[in-house]
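Please look over the sequence and the model shown here, and then follow the account below.

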Amino acid sequence: MSELSPNAAQNGPIKNNGSSSSVAENEEIDFSKISERPRPLTMERQRSYDERSFLTELSGMSPRLSLRNIDSYARMDHLESVFSPCRRSGFNTPRSAVAFEPHPMFAEAWEALRRSLVFFRGQPVGTIAALDNSEEELNYDQVFVRDFVPSALAFLMNGEPEIVKNFLKKTLRLQSWEKKVDRFQLGEGVMPASFKVLHDPVRNSETLIADFGESAIGRVAPVDSGFWWIILLRAYTKSTGDTSLAELPECQKGMRLILTLCLSEGFDTFPTLLCADGCCMIDRRMGVYGYPIEIQALFFMALRCALLLLKQDEQGKEFIERIVKRLHALSYHMRSYFWLDMKQLNDIYRYKTEEYSHTAVNKFNVIPDSIPEWIFDFMPTHGGYFIGNVSPARMDFRWFCLGNCVAILSSLATPEQAIAIMDLIESRWEELVGEMPLKVCYPAIEGHEWRVVTGCDPKNTRWSYHNAGSWPVLLWLVTAACIKTGRPQIARRAIELAETRMLKDSWPEYYDGKLGRFIGKQARKFQTWSIAGYLVAKMMLEDPSHLGMISLEEDKQMKPLIKRSASWTF
């Protein structure tokens with residue numbers, strides 16, 4: 001198994017800047033006293049899981065996890081209290097000194113991940129989307145921002161942060177390029193969807209070529225790229241303890257440019273972001289236009305990460321104030337109007353329409369007859385989730401895995417809502433997990449609805465690709481959410497399912513069918529984020545302290561002002 005080049009495989013010195021504007025301050029922010037140094041917040045013990053079972057799960061994960069640390073996790077206290085910068089996984093990887101007997105495919109996964117590395121002028125700058133030589137490359141030979149996130153986390157967890165640092169710096173430089181689609185110039189803060197390295201053998205030189213959506217199917221700019229960039233910058237800072245990268249003037253400016261796009265004033269009456277179809281992981285026409293849960297959850301998490309990364313200078317303080325206001329409005333809106341459980345479903349079922357007043361209950365004028373039949377059987381007595389979309393006279397009741405997992409990790413979901421999401425996954429295991437984790441959304445759209453919504457897209461047929469296909473990359477997100485909510489047994493069960501097939505099937509991009517039994521009809525093999533998602537999930541289960549780099553604790557200032565339903569009581 002090959003290592004990175006020496007200058008890429010070694011950590012640089014860890015820098016802790018003690019200035020008042022440092023991004024290494026305590027993670028938790030008191031939004032009502034933003035000018036003061038924040039104090040750490042703790043989460044109360046959750047009553048939804050069996051504590052003894054949880055301790056047993058954790059104690060069997062790692063020989064290095066102490067009883068004191070296990071107790072800290074059981075209390076769900078501040079997760080960073082058991083975290084130390086650059087702490088490596090106990091797996092027997094090329095960078096680990098502690099022996100551990102992982103699944104045989106773990107070593108194979110690391111070899112495959114290293115083969116996917118992309119180098120620019122001798123330095124690793126990312127991982128290629130897929131290494132499937134049997135299929136036409138299209139844009140699978142590029143480094144995608146969203147695809148690289150699980151790869152970056154794997155390298156951070158394995159004590160190899162240099163590639164992540166290089167990636168963050170290179171994509172930041174690409175942000176400053178002029179971006180045009182036909183004759184229209186995109187906003188200055190837009191991050192690329194992907195980039196590739198072009199080799200010129202005649203001049204013996206290399207250049208980077210970026211795609212900001214002008215070459216993408218549908219010509220849609222990636223809204224999620226900027227959010228993932230900020231989230232990954234915080235993960236790098238949290239993992240290494242190195243604040244110098246985030247404090248660079250160009251990094252501060254890059255964050256401000258992204259935030260300017262998101263926080264600009266317009267005609268919006270909601271704090272959510274209005275988006276086109278195909279602007280995120282679901283990058284084809286799938287009816288996610290409007291206010292998709294994936295973008296709103298990533299938006300919320302990026303805003304919270306930016307609060308920790310922005311310097312408290314004149315420009316930074318202005319953005320911090322705007323972020324704080326938006327976070328309060330966004331958290332209330334999402335927890336009030338996107339949340340669905342049995343009680344809320346029953347309330348919507350009984351909605352009156354055409355209400356015209358400030359006291360209207362049915363604020364979006366949703367017609368009860370538009371509620372799909374499947375939701376009444378799908379909704380368990382105990383459980384709930386954030387639905388796919390809410391806009392005037394429209395509610396998309398579909399389950400979207402990525403958005404709900406990010407809602408848990410960012411604490412957009414309250415502790416009670418996070419537990420309800422986990423309850424839903426457990427009670428609807430066959431529908432959401434089946435034989436290969438995990439459904440990107442549920443259920444599939446078909447028939448006349450499929451023709452209207454997708455435009456008869458032959459790639460998004462029912463139970464395939466983004467139309468309720470099963471995506472192994474989602475393992476890392478679900479695992480992180482499971483650990484945060486004290487339910488590691490759910491993640492372990494999902495990972496064991498994936499281990500029965502993924503290596504044998506050559507690491508497919510996605511699986512088809514209601515249960516995910518078939519390799520996707522157009523799925524690429526050796527899909528890098530499928531490989532990296534598995535590695536990150538395994539390493540987090542073995543050493544749950546890794547969760548700290550991708551999770552944010554609840555802020556007590558953003559408690560919901562809505563009445564809790566019966567499904568939140570256990």
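In this predicted model, strand β6, which covers residues 194-200, is joined to β7 by 7 bridges, and the two strands run antiparallel. Two facing pairs can be located along this pairing. Val197 stands opposite Leu208 in β7, and Leu198 stands opposite Thr207 in β7.

The pairing of β6 and β7 belongs to an open sheet of 3 strands in the order β3-β6-β7, with antiparallel pairing. Its edge strands are β3 (143-144) and β7 (205-211), each of which pairs on one side only. In general, the strands of a sheet pair through backbone hydrogen bonds, in either a parallel or an antiparallel manner.

What do β6 and β7 form, and how many residues lie between them? The two strands form a hairpin with 4 residues between them, and Asn204 in the turn has a positive phi of about 55°. Asn204 lies in the loop between β6 and β7. Is Asn204 buried or exposed? Its relative accessibility is 72%, so Asn204 counts as exposed.

**Backbone features in loops**

Most residues other than glycine have a negative phi, and most peptide bonds are trans. Against that background, several places in the model deserve attention. One of them is Asp182, which is not a glycine and yet has a positive phi of about 55°. Asp182 is placed in the loop between β4 (180-181) and β5. This residue is exposed because its relative accessible area is 75%, a value over the 50% that marks exposure.

Two peptide bonds are cis. The bond from Pro437 to Leu438 has omega near -5°, and Leu438 is found in the loop between α15 (429-432) and β13 (441-442). The bond from Tyr442 to Pro443 is likewise cis, with omega near -5°, and Pro443 is found in the loop between β13 and α16 (447-454).

**The largest pocket**

The largest pocket holds about 770 Å³ of space. Among the 34 residues that line the largest pocket, those closest to its centre are Leu261, Cys262, Leu263, Ser264 and Leu273. Which elements give two or more residues to this lining? They are β5 (184-185), α7 (224-240), α8 (249-263) and α10 (314-338). By class, the lining consists of 20 nonpolar, 7 polar and 7 charged residues.

His333 is placed in helix α10, one of the elements that give two or more residues to the lining of the largest pocket. Thr479 is found in helix α17, which covers residues 475-484. The relative accessible area of His333 is 5%, and therefore the residue is buried. For Thr479 the relative accessibility is 0%, so this residue also counts as buried.

| Residue | Contacts beyond four places in sequence |
|---|---|
| His333 | Phe270, Pro271, Thr272, Phe338 and Phe364 |
| Thr479 | Ala491, Ile495, Ala537, Met540 and Leu541 |

**The protein as a whole**

The protein has 19 helices and 15 strands. Of its 570 residues, 62% count as buried. Among contacts between residues at least 6 apart in sequence, 73% join residues at least 24 apart.

**Confidence in the model**

The mean pLDDT of the protein is 84, and 80% of its residues reach 70 or more.

Terms used:
Residues are numbered from 1 along each chain as its sequence is written. This is a predicted model: local features need pLDDT of at least 70, side-chain atom pairs count only at pLDDT 80 or more; totals for chains, interfaces and linings use all residues. Side-chain values use heavy atoms; hydrogens and water are left out. On a 1 Å grid over the protein atoms alone, a cavity is a set of points where a 1.4 Å probe fits but cannot get out, and a pocket is an open set with protein on both sides within 12 Å along at least five of seven lines; lining residues have an atom within 4 Å of a point. Grid points are joined across faces, edges and corners, and a volume is the space filled by probe spheres set on the points. Ala, Val, Leu, Ile, Met, Phe, Trp, Tyr, Cys and Pro count as nonpolar, Asp, Glu, Lys and Arg as charged, and the others, Gly among them, as polar. Two strands pair if DSSP finds at least two bridges between them. Buried means under 20% relative accessible area, exposed over 50%, partly exposed in between (1.4 Å probe, protein chains only). Contact means heavy atoms within 4.5 Å. pLDDT is the predictor's confidence in each residue, from 0 to 100.
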